[in-house]
Amino acid sequence: MERRSFIKSTGLLAMGAGLAGTAAFAAGLPANTLPNWKGFNLLDFFSPKPAGTANKTTEDHFRWMRDWGFDFVRIPVAYPSYLAFDRNKQITPEEVYNIDEQRVEEIEKLVVMAHRYNMHVSLNLHRAPGYCINAGFHEPYNLWKDEEALKAFCFHWNYWAKRFKGVSEKKISFDLLNEPAMREDMNDQHSKMSAVPGEVYRKVAQAAAIAIRKENPSRLIIADGNNVGTSVIPEIVDLDIAQSCRGYYPGIISHYKAPWANKDPENLPEPKWPGQVGNAYLSREMLEKHYQPWIDLVKKGVGVHCGECGCWNKTPHAVFLAWFGDVLDILQSNKIGFGLWEFSGDFGVLNSRRADVQYEDWYGQKLDRKLLTLLQRSI
């Protein structure tokens with residue numbers, strides 16, 4: 001679609017925003033209205049650079065997922081990875097619309113492969129025009145403040161809605177934006193962050209949902225929790241949009257020594273579970289309190305899924321498994337599915353490079369059998 005005509009049509013549709021699928025909410029459907037999907041995040045298109053081979057998902061990977069009992073993959077995509085522009089310069093607002101069809105086809109191939117192994121695919125914009133939780137690519141504007149960024153955001157989601165228009169909502173859903181937050185400097189990883197004002201989040205989510213459902217009114221849409229995925233979004237419960245929590249709480253466990261999440265990663269108290277860590281006593285009780293708003297949301301008839309969970313490889317393995325066992329038990333007790341970050345890599349069941357794991361050789365891959373067994377208990 002030509003850019004100006006798309007923006008014009010989206011603006012007209014916004015006039016009828018309240019009509020966007022409130023039936024599920026009004027009917028008071030029983031919990032959990034989302035399927036109890038369980039699986040993994042796949043990082044093939046996670047980088048703003050065009051996809052290489054470092055994180056390539058193979059047929060074998062999907063076969064193992066299926067055979068191990070999993071049925072879900074989330075594909076976090078950085079929008080610059082499928083654009084055509086001069087990568088030696090900072091992207092301009094005009095170049096944000098330069099879709100490269102060949103790169104899109106690579107993403108589509110991964111989706112088709114996942115469907116071949118009966119995986120539900122959650123397609124997510126990990127980096128969207130004007131926002132990403134991670135730095136590493138200079139954004140030309142701010143999604144929460146600039147109308148031009150919002151127009152581009154809707155353009156991209158309308159594009160993906162067209163691309164998968166004929167695919168059943170049972171096979172694919174759209175996860176609007178990874179871990180929203182209001183950051184003082186959009187291009188500074190460690191600048192001060194806070195929750196997005198509720199009315200602003202609603203405006204962005206509603207506009208994107210309209211752009212998507214213009215192509216497919218029944219498309220399943222998911223919004224990540226506010227404040228980096230941690231908080232329920234009460235402002236959108238009437239929009240027929242499911243919500244996605246995170247399995248990273250508390251961060252001293254999940255992101256111990258992670259340089260992108262800590263300003264001083266080498267000077268942190270050693271994690272324990274349960275136990276006293278710094279000024280806090282970490283326990284299952286604190287997890288139950290943390291997830292209660294999400295459980296309450298399920299009871300209200302809003303679908304909930306945990307789109308990301310897991311632990312970086314510097315946390316002692318025994319501590320990780322003890323904590324993660326409690327996280328999974330709380331989620332599964334409330335029929336909330338999950339997507340481990342990631343399948344193969346530092347957070348994954350394969351090739352996590354932990355120093356304190358006795359890996360099992362799995363067709364040339366290093367398998368963390370204890371972690372896999374823990375995940376399978378929830379299936």
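These legends go with a set of close-up views of one predicted model.

The model is predicted, with local features needing pLDDT of at least 70 and side-chain atom pairs counting only at pLDDT 80 or more, while totals for chains, interfaces and linings use all residues. Residues are numbered from 1 along each chain as its sequence is written, and side-chain values use heavy atoms, with hydrogens and water left out.

**View 1. Helix α10 alongside helix α11.**
Here we have α10 (residues 317-333) and α11 (residues 369-376), whose axes come within 10 Å and cross at roughly 10°. That makes α10 roughly parallel to α11. On the α10 side, the contact is made by His317, Phe320, Leu321, Phe324, Gly325 and Leu328, and on the α11 side by Lys370, Leu371, Leu374 and Leu375. Sorted by class, the contact has 7 nonpolar, 2 polar and 1 charged residues.
Some terms for this view: helices (H or I, at least four residues) and strands (E, at least two) are DSSP runs, numbered from the N terminus. Axes are lines fitted to C-alpha atoms, for helices over the stretch in contact, and angles run from 0 to 180 degrees between N-to-C directions. Angles under 35 degrees count as roughly parallel, over 145 as roughly antiparallel, 65 to 115 as roughly perpendicular and the rest as oblique. Contact means heavy atoms within 4.5 Å. Ala, Val, Leu, Ile, Met, Phe, Trp, Tyr, Cys and Pro count as nonpolar, Asp, Glu, Lys and Arg as charged, and the others, Gly among them, as polar.

**View 2. The largest pocket.**
This pocket has a volume of about 1,300 Å³. It has 44 lining residues, and the closest to its centre are Asn134, Glu179, His255, Trp260 and Ala261. Helices α7 (226-229) and α8 (251-254) each supply at least two residues of the lining, and α8 gives the most, with 3 residues. By class, the lining divides into 17 nonpolar, 17 polar and 10 charged residues.
For the grid-minded: on a 1 Å grid over the protein atoms alone, a pocket is an open set with protein on both sides within 12 Å along at least five of seven lines, a cavity is a set of points where a 1.4 Å probe fits but cannot get out, and lining residues have an atom within 4 Å of a point. Grid points are joined across faces, edges and corners, and a volume is the space filled by probe spheres set on the points.

**View 3. The cavities.**
The structure holds 2 cavities of 30 Å³ or more. The largest has a volume of about 40 Å³, and its lining is made up of Trp144, Phe153, Leu176, Leu177, Pro180, Tyr201, Val204 and Ala205. Helix α6 (residues 198-213) provides the largest share of that lining, 3 residues.
Around it sit Phe72, Arg74, Ser122, Asp175, Ile222, Ser244, His305 and Gly307, with β2 (72-78) and β12 (304-309) as the elements that give two or more residues to the lining. This lining divides into 2 nonpolar, 4 polar and 2 charged residues.

**View 4. Two cis peptide bonds, at Trp273-Pro274 and Trp341-Glu342.**
The bond joining Trp273 and Pro274 is cis, with omega about -15°. Pro274 is in the loop between α8 and β10 (275-277). The peptide bond from Trp341 to Glu342 is cis too, with omega near 20°. Glu342 belongs to the loop between β13 (338-340) and β14 (360-362).

**View 5. Positive phi at Asn118 and Lys335.**
Asn118 is not a glycine, yet its phi is positive, about 60°. You'll find Asn118 in the loop between α4 (101-116) and β3 (120-128). Lys335 likewise has a positive phi of about 60° without being a glycine, and it lies in the loop between α10 and β13. Asn118 is exposed, with a relative accessible area of 61%, and Lys335 is exposed at 52%. On this scale, buried means under 20% relative accessible area, exposed over 50%, and partly exposed in between (1.4 Å probe, protein chains only).

**View 6. Gly345 and its surroundings.**
Gly345 is found in the loop between β13 and β14. Gly345 is buried, with a relative accessible area of 13%. Leaving aside residues up to four places away in sequence, Gly345 touches Leu350, Asn351 and Ser352. C-alpha to C-alpha, Gly345 and Asn313 are 9.3 Å apart in space and 32 residues apart in sequence.
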